[in-house]
Amino acid sequence: MKSSGFPQKDNQLLKNCFIHESSYIDEDVLVGEGTKIWHFCHIQKGARIGKNCSLGQNVNISNNVYIGNGVKIQNNVSIYEGVEIEDDVFCGPSCVFTNDLTPRAGYPKGRENYKKTLVKEGASIGANATIVCGNTIGRWAMVAAGAVVTKDVPDYALVAGVPARIIGWVDAEGNLELRVEEHK
């Protein structure tokens, strides 16, 4: 169902959000007050998006995805079923989430077999980073641009590389606190 650019009662959208007219909002979607959904987005059935979020151009939010308050999702990000994003998370342009470790087009496993991914409060994911499913990104952690996360990232860790490894520690404001070499 194409949105009219205004909140629709049958979709249970709150009155004070913005949805660009080029975006599609399926039925049974909740969008919080103050949230802005920009050009060419698709929000699928059962998605829950909190207050004061910003979804950039060409964002896809899959079925039953939960997104907290104050989340910034940059252009060209797809968040697949099985991913949960807590408050104040930043998802950089074209970052990638997966939900199936061994996908096959001819043998789909179904949602009951998706691996869960949790991105905790305040975490930041850099442009073009890949988050392999089944992992947790800790509170206020930072994933560098282009990193591939293959295991859990601790709170406040700064990770980079392929596969991602801890290269430092950051505070809630993103200031580098301590390098790994200094931490040993």
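Helices (H or I, at least four residues) and strands (E, at least two) are DSSP runs, numbered from the N terminus. This is a predicted model, in which local features need pLDDT of at least 70 and side-chain atom pairs count only at pLDDT 80 or more, while totals for chains, interfaces and linings use all residues. Residues are numbered from 1 along each chain as its sequence is written, and side-chain values use heavy atoms, with hydrogens and water left out.

**The whole chain**

One helix and 23 strands make it up in secondary structure terms. Of its 184 residues, 42% count as buried (under 20% relative accessible area; exposed is over 50%, partly exposed in between; 1.4 Å probe, protein chains only). The chain exposes about 9,600 Å², and carbon and sulfur atoms supply 50% of that (Shrake-Rupley method, 1.4 Å probe; for residues, only the protein chains shown count as cover). Now take the contacts with a separation of 6 or more: residues 24 or more positions apart account for 13% of them (contact means heavy atoms within 4.5 Å).

**T35**

Select T35. It sits in the loop between strand 3 (30-31) and strand 4 (36-37). T35 counts as buried because its relative accessibility is 1%. Its side chain reaches the backbone oxygen of G50 at 2.6 Å. Show the neighbours next: leaving out residues up to four places away in sequence, T35 touches N16, C17, F18, I49, G50, K51, N52 and C53.

N52 is not a glycine, yet has a positive phi of about 55 degrees. Most residues other than glycine have a negative phi. N52 is partly exposed, at 47% relative accessible area.

C17 is buried, with a relative accessible area of 11%. The structure holds zero disulfides (pairs of cysteine sulfur atoms within 2.5 Å).

**The aromatic pair**

Now select F18 and W38. Rings of Phe, Tyr and Trp (its six-membered ring) pair if their centres lie within 6.5 Å; planes under 30 degrees apart count as stacked, over 60 as edge-to-face and the rest as tilted. The count comes to one aromatic pair. The ring centres of F18 and W38 are 4.9 Å apart with planes at 50 degrees, so the pair is tilted. F18 lies in strand 1 (residues 18-19) and W38 in the loop between strand 4 and strand 5 (42-43), so the pair ties together parts 20 residues apart in sequence. F18 is partly exposed at 31%, and W38 is partly exposed at 32%.

**I79**

Move to I79, in strand 11 (residues 78-79). Its relative accessible area is 0%, so I79 is buried. What does I79 touch, not counting residues up to four places away in sequence? The contacts are N60, I61, S62, V65, I67, I73, I85 and F97.

**D88**

Go on to D88, in the loop between strand 12 (83-85) and strand 13 (90-91). Its phi is positive, near 60 degrees, and D88 is not a glycine. D88 counts as partly exposed, at 40% relative accessibility.

Finish with strand 21 (residues 157-160) and strand 22 (residues 165-170), which run antiparallel and are joined by four bridges (strands pair if DSSP finds at least two bridges between them). A160 stands opposite R165 in strand 22. Four residues lie between the strands of this hairpin, and G161 takes a positive phi near 100 degrees. Click P163, in the loop between strand 21 and strand 22. The peptide bond from V162 to P163 is cis, with omega near -10 degrees.

How values were computed:
A polar contact is a pair of N or O atoms within 3.5 Å; within protein, one must be able to donate a hydrogen and the other to accept it, and residues adjacent in sequence count only if both atoms are side-chain atoms.
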